[in-house]
Structures are given as structure tokens and as C-alpha cells.
Amino acid sequence: MFDIRKKDYLLLKEAIQNCRDFVFETVNETTIEEESSRALINDLLSDLSHFANDYKMVRDANYIQAGMLALTVFRAKTGELTNVSMAECTVNGSTVLKETTIFYNGLMSRLKELFCEIEDGFTRISHNDLRMPFKSDGWEKDIKKLNLHINELQDIIADQYGQQLTNSLSLRRNTFDLSHYSDELSSSSNEQASSLEETAAAIEELTANVSASAAKAQEMTALAQEAKIAAERGNSVARESLNAMSEMVSATEAINQAVEIIGNIAFQTNILSLNAAVEAATAGDAGRGFAVVAQEVRNLANRSAEAAKNIQEVAKTAREKSHGGLETSKNMMDSFLVITQKIAQTDDMVRDVANANREQMAGISQINGAVGQLDQLTQQNAKTAANVSSLSAIVQNLSDQMYSEISQKEFSGKEEILHSATQMQH
Amino acid sequence: MNIFISKGAERVLTEKAFLVSETDEKGIIIFANDDFCEAAGYRVDDLIGKPHNIVRHPDMPRAAFKDLWDTVKTGKIWTGFVKNSVNGGNQFYWVYATVYPIMREGKRHYISCRRYVTDDEIATATALYKTL
């Protein structure tokens, strides 16, 4: 009863083969015609055709669903985490693909939760709150590890914030001190500059005094020279006077000797005239004239002796005077010698004074140079102080900014740092 | 493993090839997967934002696309054989396309999934399209 003709058998076999190719996707489409002359066979062929059409719905739905999955994965790969939307036709698709999609979507939802958690965490951090740890509830292994790492990172950042807060607090204190010191430096530099100015003025005055003193010393040297020459001239005049006095002494000696000879001659002449008078008396009248002459001779001899005696007196006085002049000249020479010595000493002293002045001038010029350098340094100091002052203002500003920035951040350990900073101030 | 083998001007897709693209309502490409990019010879950035007919081959009759749009606009799946151009126009590849309208963020988009075509099917489709 169920025997089948070969033609129908071949028709059915071909239709089954077509369905098989279609189901195994070695072809994309298949068409099964009801070509048999027998109704039962055509009924079977019609069933196969329906099967193929039904399967096409499943396959089309699977393709679409697979395509949706592919696009969602593509989006996920580019960083957009979304669920695979269920296309309307999906109801017709294979259960296994639908389940796969549901699994995938479950995974995506879970990942999205994780990302939301991480995003919230980072939002908290970006809003300066580092106190909440990231939750890794329900996550194990890789994700748990990731969360632990993030928490570690958060702790490290919190530590750094703590360090920054501590630093900014101490920086604020130090910049306050710095600004105070730089102000001090500035004012002391200014004071230094003005006292240096005074010093420079005093040195200028001193220089003028020393130069004036040097000029005087110069004049004194010249005067000493002139005095020396004058004294030497005085000395030589005194020497000439001494010589003249010596000659006068010898001359008076000679006069004395000559007068003594004259005295002797007058004495002998007197004796002779006495003898002549005696002789004349003896001669009588003849000798009377002669006695007169002898008397005249005797008178002349007495007058000569008188004159010689007078000359001797005068010469004696002259000799005494000459001796006095000689003494005086000697004294004068000695005095001139002393004067010359004193002048030489004065000259030496004046030279010493001039030398001392020169040395003083050199010293003053060195002091002047040093004062100039000091002045430059002081000006530089003042400038530096001003720079430090303005820099310290900038640093103060920055440290305030740093403090206000860091103090906005919330992290564990912050209160303790602030507390200990307040205690340090008290 | 390549998703196609070049035979002269034709790039013959292998069984593992699965080309997917999504367009907006006007046919502008929103997403394209790696297989599509490789087969069509584009980088993904070259495709996104371009109209899908960037890969259209001149041998394809208008009627085929009209049928496609008419079908998917009524919310039904369209399947069919399509000859596409490779970037540069010197090569082509045949696909069996399954196109379906989907909703993406409240807007109608289209998704197209393409697989390889057998030689017999190419011959049949070529013959058919010549008549259209």
C-alpha cells in the first residue's frame, strides 16, 4: 500500500536534499514544487515546502539577531556598552541564539553596573571626595582585583592630598615668615644704603681734609727748603765774620807788638835824652842848645810813650772786643748749625707727614672703593629684597590657592592634619 | 583566515563571512563590522556617515532595491542576492542579504546581514537581474 514510484521517490529525495542544504546553509534559498501526479506525494512535498518556509523565518530571524549581536559587540568594542535589542522578528529565532543574547545582555547589564559604580566613584573623586571606597560586591577575581587597585589608587591619592595639605599649610606658614623677613631685609637694606651714603659723604670730607693737609705739607716743605737755604747762608756769613774777627785779633796783636816796640824805643830815647842832657850840662854853654834839643827829644819820647800807652789801651780794648766778636761769630755759626739741623728735622717731619697723607689718601681711596662696592651690593640687596618681596607675595598667593584647592578635597586623615596644624599655631 | 578569495574581478566570500551594517532611515551607514569593511575594501571610518549605496554595483537593477525598500518599510524581512562593488570599482562581491527594520533610540534604523552566495545562485541571480 505504501509502495512508491521511482519518480516520486526521486522527487521526495531531491526535496529532502534541498531542505538539508538549506538547513545546513550550503544554499541560501530553496524552492520545493509540488510536481507529483500523486496527491499523497504532493502532500509530503507541501509539508517539506512549509518546513522550508518556516525554517527560513527562523533562519532570517537568526541572521538578524546575529547581526544585532555583531553590531552590539562592535559598539562594545568601540566603548559603548549597550544591550542587544530584541528585534520583533526575533521571536521566530532559535532558542539557543535568544538565550545567548539574553546571556550577553545580562553580562552587559552587569558590566554597566560595574562601570556605573566606577564612574560614580570617579565622579566622587572629581568632586573632591575620596572618602568612599569603590564597591566590588558580588565581583570576584579580575574585577575584584581591579576594584582593589582602584581603591589602592584612591588611598594613594588621598595620601598625596594629605601630604599636599600638610605641605600647603607649612608653605603658608613659611611664606608668611618669608614675607616678613623679606620686608625686614628690604628695610635694613634701605637703612644700610642711607648710612652708606652718609659714610661716603664723610669720606669725601675726609678726603678734602687730607688733600688740604697734603697741600699744606707741600708748602711747608718748600718753606723748610727756603729756611734751610737762608740758614746756610747765615752760617756762611757768620763764618766770614769769624774769619774777619780772627784777622782783627791778629791785627790788634800786631799793633800791640808794634806799640811795645814803640814804647821800648821811647824809653831808650828818654834814657838817651837824659844822657844827652847830662852831657850837655857838662859841655856848658856849648851844650846849652843841645840841652834844649835833648829836652825836646825827651819830651817827644815821653809823648811817644804816652801815645804808645794810649794805643796799647785802645788795642787792648780792640783785642778784647775782637775776641768777643769771635765768640759771637762762633756762637752764631753754632746757632745756624742748630737751625739747619732743626730745619732738616722739620723737613723730614713734613715729608713724613706728606708720606702719611699719601698713605692716608691711598687708604681712603681703598675705603672709597669698598664703600662703592658696598653701595652696589646694598643696592643689589635692596633690589633682591624687593624681588624676594614680590616673589614671596606670589608664593603666598600660590600657597593660598594651593591650600584652598586642596582643602576642598575630602579624604580620610584630612581632619587630623587640619587639627594638628591648628594646634601648631597655638 | 580570509573572509574572501579573489578570483579575477570577483571577491568570493567564504562560509565564515558575515557582513553586518546598520543604516539610519535614509540609508546612511551608522555601523559596519570588520567583515563588511574587509570585503568592501574600506576602513570603518570611511564607511560611517556614507550612504549605503557607496557599495552599489551598476549591474544591480533598480527594481531589486525598490523591492527591498518596499519590503522593509512594511516591517518585513527582505532577503535577496546583491552584487556589490569593492572600493575603487575594479572588483565586486556577491552577497545573500537579510535586511530588517529595527528601532534604535526611538528611530527606525535598518540592519543588513550578508553571507556568501553559491555559484548556482549567482548564475540564477545574474540571469534574473538581466531581465529586470
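Residues are numbered from 1 along each chain as its sequence is written, and chains are lettered from A in the order in which they are written. Because the model is predicted, local features need pLDDT of at least 70 and side-chain atom pairs count only at pLDDT 80 or more, whereas totals for chains, interfaces and linings use all residues.

**View 1. Overview of the elements of chain B.** Chain B has four helices and seven strands, where helices (H or I, at least four residues) and strands (E, at least two) are DSSP runs numbered from the N terminus. Read from the N terminus on, its elements follow the order β-β-β-β-α-α-α-β-β-β-α. Of the 132 residues of this chain, 34% count as buried, a residue being buried if 20 or more other C-beta atoms lie within 10 Å of its own, exposed if 12 or fewer, and partly exposed in between, with C-beta atoms placed from the backbone. Among the contacts in chain B with a separation of 6 or more, 46% are accounted for by residues 24 or more positions apart; two residues are in contact if their C-beta atoms, placed from the backbone, lie within 7 Å.

**View 2. Strand pairing around E7 of chain B.** Strand E7 (107-115) of chain B pairs with E3(B) in the antiparallel sense over five bridges, and two strands pair if DSSP finds at least two bridges between them. Within E7(B), B:Cys113 stands opposite B:Val20. E7(B) also pairs with E6(B) in the antiparallel sense, over nine bridges, and in E7(B) B:Arg108 is the bridge partner of B:Met103.

**View 3. The hairpin turn at B:Glu105.** E6(B) and E7(B) form a hairpin with two residues between them. B:Glu105 lies in the loop between strand E6 (92-104) and strand E7 (107-115) of chain B and has a positive phi of about 50° although it is not a glycine. With 7 other C-beta atoms within 10 Å, B:Glu105 is exposed.

**View 4. The side of chain B that touches chain A.** Here 17 residues of chain B are in contact with 15 residues of chain A. On the chain B side, strand E3 (19-23), E6 and E7 each supply at least two residues, and E6(B) gives the most, with four residues. By class, this side of chain B has ten nonpolar, four polar and three charged residues; Ala, Val, Leu, Ile, Met, Phe, Trp, Tyr, Cys and Pro count as nonpolar, Asp, Glu, Lys and Arg as charged, and the others, Gly among them, as polar.

**View 5. Helices H4 and H5 of chain A.** H4(A) and helix H5 (residues 288-407) of chain A pack at an angle of about 175°, with their axes 0 Å apart; axes are lines fitted to C-alpha atoms, for helices over the stretch in contact, and angles run from 0 to 180 degrees between N-to-C directions. The two helices are therefore roughly antiparallel to each other, a term for angles over 145 degrees. Their contact has 68 nonpolar, 45 polar and 14 charged residues. A:Asn243, placed in helix H4 (residues 141-282), is exposed, with 12 other C-beta atoms within 10 Å. The C-alpha atoms of A:Asn243 and A:Lys330 are separated by 10.0 Å, although the two are 87 residues apart along the chain.

**View 6. The loop at A:Glu25.** A:Glu25 lies between helix H1 (6-23) and helix H2 (39-77) of chain A. Its phi is near 60°, a positive value in a residue other than glycine, and with 14 C-beta neighbours inside 10 Å A:Glu25 counts as partly exposed.

Terms used:
Parallel < 35°, antiparallel > 145°, perpendicular 65-115°, else oblique.
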